Structure formats: structure tokens, C-alpha cells
Amino acid sequence: MAHHEPGTEDSGTSESGSGRSVAHSPSPAELKEKYRLEREKRLRPEGIGQYVDFSGVYSDFDTDPYVEPGFTRDAVVDEVDVVIVGGGFGGMLAAANLRKAGINNFRIIDKAGDFGGTWYWNRYPGAACDVESYVYLPLLEETGYMPTEKYAKAPEIFAYCQLLGRTFDLYDVALFQTEVADAAWDDASDRWLVTTNRDDQLTARFVVIAGGVLHKAKLPGIAGIETFAGHNFHTSRWDYDYTGGGPTGGMDKLADKRVGIIGTGATAVQVVPRLAESAGELFVFQRTPAAVGVRNNMPTDPDWAASLQPGWQEERIRNFTALAAGDQPDEDLVGDGWTAMLRIDTRRRAPNKEAQAELDAIDFANMEGIRARVDEVIDDPAIAEALKPWYGQSCKRPCFHDEYLPSFNRPNVTLVDTEGRGVDRITPAGVVVGDVEYPVDCLIYASGFEVTTDYTHRLGFDPRGRDGVSLSEAWAEGPSTLHGVLTRGFPNMLMISTVQGGQNVNFLSPITATARHVAQVIKACLDGGVQAIEPTVEAQEEWFGAILTELDATWRYNAACTPGYLNNEGGGDMRSARGAAYMGSALNFSDILDRWRSSGDFPGVEVSRTDAVKG
Ligand code: NDP
């Protein structure tokens with residue numbers, strides 16, 4: 001099962017008396033070459049085209065397992081100030097900020113049966129937030145809630161979303177199990193007309209699109225998926241009826257089953273330990289190993305919680321966000337694997353060769369630590385070799401877990417390493433890798449979500465702006481926005497997204513800043529008699545210039561990375577650059593939004609007011 005590249009990871013190794021490879025320290029040049037070879041193995045000409053979504057023959061994958069089938073309700077006809085599309089953290093925080101600003105006439109639309117977004121859908125056993133809950137969960141001081149542990153589990157986070165919904169009276173204005181069918185700007189009335197698949201008709205002055213970041217699940221386009229005769233589902237639609245058990249595991253119905261899981265990303269790292277405990281046999285199909293550092297979760301210390309002074313959360317969030325952007329503040333309040341790894345941003349472009357070599361050495365050392373941990377934990381040297389990640393620390397989302405690697409020491413768990421090729425075929429009986437067919441009763445896709453596909457594809461509808469031009473038409477050459485929030489031709493449409501918006505390993509950091517921004521812009525418009533706002537072409541291009549400047553170092557870094565959603569599966573052109581996030585610090589991003597708002601009359605934006613004559 002282990003794979004070997006002559007002259008790379010084996011160079012300089014010797015065998016110990018136990019038959020185990022003795023650790024060696026590869027040179028930076030050897031590591032670079034090893035990384036290059038591993039990338040080459042995985043590059044696919046079809047890029048993001050290797051994935052398929054839940055449509056056509058795969059539409060059964062999209063059934064919501066968390067609601068009773070057959071929900072109906074009367075259509076809603078309403079006139080509101082704001083329609084918010086999305087009831088995840090982005091939409092909820094926009095709504096909470098609207099309430100705080102005294103704007104109460106709004107509606108929230110979501111396909112799901114409740115609030116929560118990511119945390120509504122991802123209920124797989126073992127799901128937890130991989131960022132510290134004290135910085136991840138928003139508005140803790142306002143809700144008076146203290147998470148029970150440092151890394152809260154998914155049910156607690158979902159319950160917190162429901163608490164936010166209750167705290168800000170959002171349930172009364174929510175339209176759940178509802179999808180936007182169309183959103184069209186009407187120039188005559190300066191209103192958006194939003195219709196849904198439940199025949200709702202909403203007229204709104206503003207539309208806020210908080211459609212999610214990692215919400216559109218994808219399947220690998222492996223030949224034969226639709227022929228599989230056993231049971232199968234994606235991790236974001238967990239079928240507890242089939243598996244038994246619940247979010248903490250205990251899936252008793254899998255005790256006599258052969259279960260396969262495809263994918264070894266951040267989701268699989270959390271779910272594999274729970275499956276390993278419950279399944280009769282578990283086959284983990286791996287294309288690229290995850291990098292898994294120490295988690296060290298712990299319950300919240302009540303004395304620490306009691307000692308916190310007002311303003312503590314904002315301070316902690318700013319500190320973590322800065323550390324996770326490589327800003328190196330003096331203090332590290334969170335003190336975990338993220339802050340240890342990211343306090344020096346090894347992706348940034350160094351001023352000279354020596355400084356670059358230093359950054360590379362830090363990255364190599366961090367990853368050597370990750371690989372050494374595999375050797376420490378895994379009993380079988382061949383399995384250990386296959387589980388080692390050979391890429392830079394920011395090529396894939398780093399994972400932190402204390403039970404994932406030990407799962408591979410269990411007798412009922414088999415790692416099927418595809419050596420970078422991926423699964424070859426799915427048959428009615430199971431999964432084929434090379435010449436071997438692995439029969440399974442149940443096949444679980446931990447294959448992730450669309451990130452770099454077209455925005456409107458992920459959104460599920462195509463807003464129509466001035467003159468009926470759709471967003472997909474307007475963005476045919478890639479997105480153009482001001483701050484990722486406003487886009488020309490789509491007046492009064494405000495987006496909360498990573499497309500030209502902010503980013504951080506703590507997604508809540510840019511989401512919080514953008515949601516606050518969106519609500520305050522709307523408030524200023526309503527107070528100031530503004531009928532319509534949209535950015536100028538010049539302002540959009542200036543913002544894209546800022547994005548390109550920040551993207552430069554990331555692109556250079558990503559060019560040496562194994563493929564994945566963070567580097568558009570190893571490809572990239574100017575169109576995909578236009579869809580990139582602002583890669584500068586999320587604190588910078590937040591400051592840019594704040595400065596823009598406080599600088600006066602919406603610089604770079606065309607404004608029409610109530611008293612203006614329409615023509
Ligand atoms: P990922 O996209 O990270 O992982 C998908 C996995 O499927 C990869 O291991 C991929 O391999 C594998 N795969 C794809 N095609 C094939 C194939 N043909 N054969 C075999 N394997 C294949 O998705 P995840 O759902 O794991 O994570 C997505 C993101 O969600 C994370 O990066 C993170 O941002 C977020 N997340 C956050 C969590 C949190 O706690 N906050 C927890 C879980 C997820 P390859 O790497 O080779 O492409």
C-alpha cells in the first residue's frame with residue numbers, strides 16, 4: 001500500500017532492527033521535488049470539471065434527511081425593506097444587525113428546514129468546529145452563552161444558531177424549505193421582485209445574498225456512481241435512519257456492514273473515527289492524505305469563563321484573526337494548532353532569496369512535524385507512509401484531530417491508498433481501485449463542496465439586474481465588485497461571500513464584518529433617502545487591483561501545491577482570479593469596510609435619491 005518515489009522520501013533512510021524506517025531529515029531541495037512529484041500525480045486535465053453536483057441522475061443525493069417530507073404552506077405576498085437569502089451565519093448576522101439598526105421589515109429565505117446553514121446540513125457523526133468556539137461563535141456576549149468546550153460539536157453550534165434565531169426574533173420572518181426561483185430588479189419602482197419555488201412574491205428595496213461559502217455539495221465524477229446498488233449518501237446529508245446512532249456516534253446499524261468512505265479532507269478526518277468504532281468493516285479510499293495536527297480539546301473552565309471581562313470576545317477574535325493571518329501580535333490568546341502554525345504566513349512573498357528560504361524552512365518544519373506524528377501514532381510502517389501528506393501547510397485546510405490517525409490501527413479499518421489517482425470506478429457492488437474491487441454495503445461521499453465554480457451556479461438562481469441582464473451574463477468574464485458586496489448593474493443587491501470578499505481560517509471573522517457592513521449600508525440608505533446604489537466600473541477595477549496585489553503571493557505558493565479547492569484544482573486564470581477572495585488579512589478587510597463607510601457619501605458608488613428625477 002505504501003508508495004515510494006526513488007530518491008525522494010526514501011533517500012537517506014535506513015531500516016531499524018524492527019523493520020521500521022528510521023526518521024531522516026530530507027533537505028529542502030528533496031522536499032520541494034517530492035512535493036512537485038506528488039502534485040504532478042494529482043493534476044487532472046479536467047480540473048474542477050472532475051466533480052458533479054446533485055442534479056440529474058444524482059438528484060436523490062440532495063434529499064433533506066432532517067425534515068418530514070410533504071411540507072406545504074400558503075404562498076406569501078409581502079413588501080419589505082430587505083429580503084435576505086440564506087439563513088446561515090451570514091444571513092442571521094445580517095438580520096441581527098438590521099434589528100439592532102432598527103430595521104425590522106425583512107424576510108429570510110432558506111432551502112433548509114431551520115437556521116444554521118453549514119450547521120444545519122453537516123450533522124455527520126463527529127462533526128465539530130475546527131476553530132475555537134470562543135472565537136467562532138458570534139455574539140457570545142450578547143446572547144450570554146458560553147460554549148461547553150474549546151471546540152464545540154456540531155449539535156451545540158446548530159443549537160446556538162437556533163438561539164440566535166430566537167434572540168433576534170428571526171423565526172417569524174423566516175421562510176424555510178424555500179428556494180429563490182427568481183430575483184429581478186425593477187428599474188421603474190427601484191425594487192427587487194423575489195419569487196420562490198413556493199410561489200411567494202416578495203417586493204424588496206434591498207436584497208442581501210448570504211448564499212453560503214461551502215454549501216453546494218459535490219460528488220466526484222467517478223464512472224458508475226449511479227449504478228451502485230447499496231446505500232449511499234454525502235456527508236452533508238447524513239442518513240441516520242440507515243446508520244443508526246447520532247452525532248456522537250454509536251451507529252449500531254453499521255455493526256454488520258462493510259462501509260466505504262471516499263475522501264480524506266477535513267470532513268472525513270472528523271467522521272472516520274466514529275465510523276471506525278461502529279462499522280463492521282471500514283474502507284477509507286484516499287487520494288491525498290490530510291495533514292492532521294494535535295487537537296487537544298477540553299471542556300470550558302468555569303473559572304476562566306467567570307473571569308472574562310466585557311469586550312473579551314472581540315479582543316479574542318481580533319487576536320486570533322491577526323494570528324491566523326500571520327500578523328504576529330505579541331500575545332496568543334487562543335494558543336492552538338492554528339495559531340502555532342499560521343503565526344508566520346509562509347505564503348507571503350519574501351523580499352529576498354534568504355528570507356524566502358527561511359519561510360520555506362518554517363513550512364517544511366511544520367509539515368515534517370505533521371509527518372513525524374503519523375510515524376508516532378501508526379503501528380504499521382507501510383500504512384504510516386501512505387498517510388503522510390507531502391505538500392505545504394496552507395495547500396489544504398490543515399486538520400486537527402486526536403482520533404483520526406489511531407483509527408487506522410484498528411483491525412476493522414483498511415486504508416485504500418489510491419496513490420493520488422483517486423477511485424477508478426464504482427460498480428453495483430462497490431468501489432474499484434486498480435485491479436481490486438472492494439464490495440461495500442454503504443458508500444459515503446466525503447467529497448466536499450463547490451468553492452471555485454461560478455457564483456450563480458452555487459447560488460442556485462441567477463439574479464437579474466438592470467435591463468434584465470443576469471448576473472451570470474454580467475460576470476461572463478469573471479466577477480466585478482466593490483469589496484465583494486456591491487456589483488454594478490445590480491442596484492441594492494449586497495452579497496456576503498468570499499467572491500472578492502474577505503477570508504480567514506475562521507470564516508466567521510469576514511462574515512461578521514461583512515454582515516455588519518451590509519446592515520449599516522442599508523441603514524444609511526434608508527435614513528438618507530437613497531433609492532438605489534451601485535458601484536462605478538472604476539471603483540470595481542480599483543478593488544480588483546487590490547485583490548490582485550494580495551493574490552500574488554498566494555498564487556505563487558499555490559502553484560506548488562497539490563490540487564484542491566484552495567487552488568482551483570491546480571488551475572487558474574484571470575477569470576478565476578476575479579472570483580478569488582481578498583487574501584489580505586481579514587482585519588484589514590474589516591478596516592477597509594469600516595473606513596469606506598465612515599468616509600462619507602459612499603465613495604465609488606453611484607447613488608440615486610428620492611428627490612432625483614428618474615429618466
Ligand atoms: P474537501 O474538498 O476538503 O475533501 C474532499 C475529499 O474528497 C478530498 O480528500 C479529495 O481528495 C477526495 N476526493 C475527491 N475526488 C476523489 C476521487 N475521485 N477519489 C478519491 N477521493 C476523492 O471536502 P471536506 O468536506 O472534507 O472539507 C471541505 C471544507 O469544509 C474544509 O476544507 C473546511 O474548510 C470545511 N470544513 C470545516 C470543518 C470545521 O470544523 N470548521 C469541518 C469539516 C469541513 P483530494 O484531496 O485529492 O482532492
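The model is a predicted one, and it holds 38 salt bridges together with 27 aromatic pairs.

**Aromatic pairs**

- A pair of aromatic rings is described by the distance of the centres and the angle of the planes.
- Trp-119 and Tyr-136 form an edge-to-face pair, with 6.0 Å from centre to centre and 80 degrees between the planes.
- Because Trp-119 belongs to helix α3 (residues 118-121) and Tyr-136 to helix α4 (residues 133-136), this pair ties together parts that are 17 residues apart in sequence.
- Trp-119 is buried at 7% relative accessibility, and Tyr-136 is buried at 10%.
- Trp-338 and Phe-400 are likewise edge-to-face, at 5.0 Å centre to centre and 65 degrees between the planes.
- Trp-338 lies in helix α11 (residues 337-342) and Phe-400 in strand β13 (residues 399-400), so the contact joins parts 62 residues apart in sequence.
- Trp-338 is buried, with a relative accessible area of 0%, and Phe-400 is buried at 7%.
- Tyr-66, Tyr-120, Trp-121 and Phe-158 are linked into a cluster by ring pairs.

**Charges over rings**

- Within that cluster, Trp-121 also has the charged end of Arg-237 over its ring, 4.0 Å from the centre.
- Arg-295 lies over the face of Tyr-151, at 3.5 Å from the ring centre.

**Salt bridges**

- Side chains of opposite charge can pair when their charged atoms come close.
- Arg-295 also forms a salt bridge with Asp-336, with 3.8 Å between the closest N and O atoms.
- Asp-336 is in the loop between α10 (312-324) and α11, and Arg-295 in the loop between β12 (292-293) and α9 (302-307), so this bridge connects parts 41 residues apart in sequence.
- Both partners are buried: Asp-336 has a relative accessible area of 9%, and Arg-295 one of 10%.
- Glu-606 and Arg-488 form a salt bridge whose closest N and O atoms are 3.4 Å apart.
- Since Glu-606 is in strand β21 (residues 605-609) and Arg-488 in the loop between α16 (471-474) and β19 (493-495), the pair ties together parts 118 residues apart in sequence.
- Glu-606 is partly exposed at 36%, as is Arg-488 at 31%.
- Asp-360 and Lys-32 meet in a salt bridge of 3.5 Å, N to O.
- Asp-360 lies in helix α12 (residues 353-377) and Lys-32 in helix α1 (residues 28-42), so the pair ties together parts that are 328 residues apart in sequence.
- Lys-32 counts as exposed, at 52% relative accessibility.

Technical notes: Residues numbered from 1 in each chain as written. Predicted model: local features only at pLDDT ≥ 70, side-chain atom pairs only at ≥ 80, totals over all residues. Heavy atoms only, no water. Phe/Tyr/Trp six-rings, centres within 6.5 Å; stacked < 30°, edge-to-face > 60°. Helix = DSSP H or I, 4+ residues; strand = E, 2+ residues; numbered from the N terminus. Buried < 20%, exposed > 50% of the residue type's maximum accessible area, 1.4 Å probe, protein only. Lys NZ or Arg CZ within 6 Å of the ring centre and 35° of its normal. Salt bridge = Lys/Arg side-chain N within 4 Å of Asp/Glu carboxyl O.
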